Amino acid sequence: MAAINREQVAHLATLAHIEMSDDELDRMATELAVIVDSVKSVSEAAGDDVPATSHPIPLTNVMRDDVVGHVLTAEEALSGAPDAQDGRFKVPAILEES
Amino acid sequence: MSVDTILSFEEAMEKYDPVLGFEVHVELNTKSKMFSSAPNVFGDEPNTNVNEVCLGLPGVLPVLNKKAVESSILIGLALNCKIAEHCTFARKQYFYPDTPKNFQTSQYEDPICYDGWIDIELADGTVFRVEIERAHMEEDAGKLTHMGGSTGRIQGADFSLVDYNRSGVPLVEIVTKPIEGAGSRAPELAKAYVAAIREIVKNLGVSDARMERGNVRCDANVSLRPYGQEKFGTRTETKNVNSLRAVENAVKFEIQRHGAVLDSGVKIIQETRHWHEDTKSTTSGRPKSDADDYRYFPEPDLVPIVTTALWVEQLRSRLPEPPAARRKRLQADWGYTDMEFRDVVNAGLMDEIEETVTAGASAAAARKWWMGEIARRAKLADVDPAALGVSPAVVVEIEKLIASGAINDKLARQVLDGVLDGEGTPAEVVEKRGLAVVSDDGALQSAIDEALAAQPDVADKIRGGKVQAVGAIVGGVMKVTRGQADPGRVRELILATLGVEG
């Protein structure tokens, strides 16, 4: 079984500020374990002589001109934020009290 | 917070050999951001220069800014780097509220520019070559403001507020190879190196290069080793060193602090240090450890960049005159002596003087103002002269007011104070403060008559042919007019009044 457990998923969820129920944590731990196993089998197939794939299609130089496009208003930008103040995203204290 | 013990710089240099390294982040002045079309503008209302890409909303795709790539290549070429024929972006994963995506899009194993060098000229003309490891493209993060607590620092804050206007602004991070052999000139070299990078990117026109706005930011790595030892000592990385003087001071402080730690037989902890301008010292940040695993992986939403020789050579042909060559030319144009010119360069005022001359002032006048009154006020205010708030246009206008006879040198200094106090343009300050030279001969005449009557013996001397005594009367008139008269004109009028030939 892959080296990913429920505690690790819970930790990741905390870091990403995603609220997950016990059921969801159980299910996600199982699903992620399957994904990690799948990736492992790819790693076994690809030797050191195979460069890492960053993109499946052999495209290069997809660029745009330096032209200003649309923006959101501050209200729109903040509309999905759990908390806001003075036109800015409000986030919990970053350092834990020591 | 405990205060670190430090050695004197001289003692640290007697015992230890410093090795330096720099990571300089340069914000590019493109119109739009690195991977989105949101505007790249400083100082606007929070979260008004953002769109869904800068905010890392689900399902969005980044698209690379071609101008930012070309600016990055230009920086590489100016630093004598090789340009990668093929390179990619990578995700640098970390959880911190300044990046809404929980990763920074950067480059990892294959930077666009690598293996360069730059010759740094120190104040006395010594040239020191700094090797460039790499210059890679990435994006800036948002700006955090820590609220609550007493200091505005992250420690003790109750919560933080985030403005993502800066999120996604194009950055080029320039990384040096370890710099050995600088010895006691290490702090000076540090300052000169960052000044040179700032000068190059400004000269290329790819960055506004204003350190006070964070356009050029330096992380300074310092380690010490006993003389003769080849292996590097453990290094610290001092962040937040955002003025040229701070770079010099931070390197000097870390050398002194490392020296004291090593002397006491303790090992240096490899860690991030934070520079504090108020105390001119560093404090411990978080230690670097295995937890510092950014889990880089290739960015799947951006395809590789391939540079052709044709593209690179087209860019190379756009390189402007290198700053060192430009300095030689400007010194010749301005007619400054070596000493005068070096003082200007060391004061970091060459650009300001060039702009002032271009705006219409004489080279002598531009130097007089920037190196004199403006530099003096900047020193009092403890800021770089360029950051004081005097624009080249102000200097030109003050000089024009002097040339037209509207004000004299002494009044001009008061005009400068008025401009700095936010009272408007020089002409407006003259108007508001009533600083114009008293050129009305009638007003001057009554002041002269008064002064002559107050010192009848001096008046007699002048009548008797002792023309040099006129100075005492001129002084009296200047006092009465509170310095607002033209001394030359006053002298003429006094002599005319007394019927004496000047």
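Trainee: Which residue in E10(B) is the bridge partner of A:Lys90?

Mentor: In this predicted model the partner is B:Leu161, which belongs to E10(B). As for conventions, residues are numbered from 1 along each chain as its sequence is written, and chains are lettered from A in the order in which they are written. Because the model is predicted, local features need pLDDT of at least 70 and side-chain atom pairs count only at pLDDT 80 or more, while totals for chains, interfaces and linings use all residues.

Trainee: What makes a residue part of the contact, and how many residues does each chain give?

Mentor: Two residues are in contact if their C-beta atoms, placed from the backbone, lie within 7 Å, and the contact takes 40 residues from chain B and 34 residues from chain A. The largest share of the side of chain B that touches chain A, five residues, comes from E10(B).

Trainee: How do the residues of that side of chain B divide into nonpolar, polar and charged?

Mentor: They divide into 21 nonpolar, 12 polar and seven charged, where Ala, Val, Leu, Ile, Met, Phe, Trp, Tyr, Cys and Pro count as nonpolar, Asp, Glu, Lys and Arg as charged, and the others, Gly among them, as polar.

Terms used. Helices (H or I, at least four residues) and strands (E, at least two) are DSSP runs, numbered from the N terminus. Two strands pair if DSSP finds at least two bridges between them.
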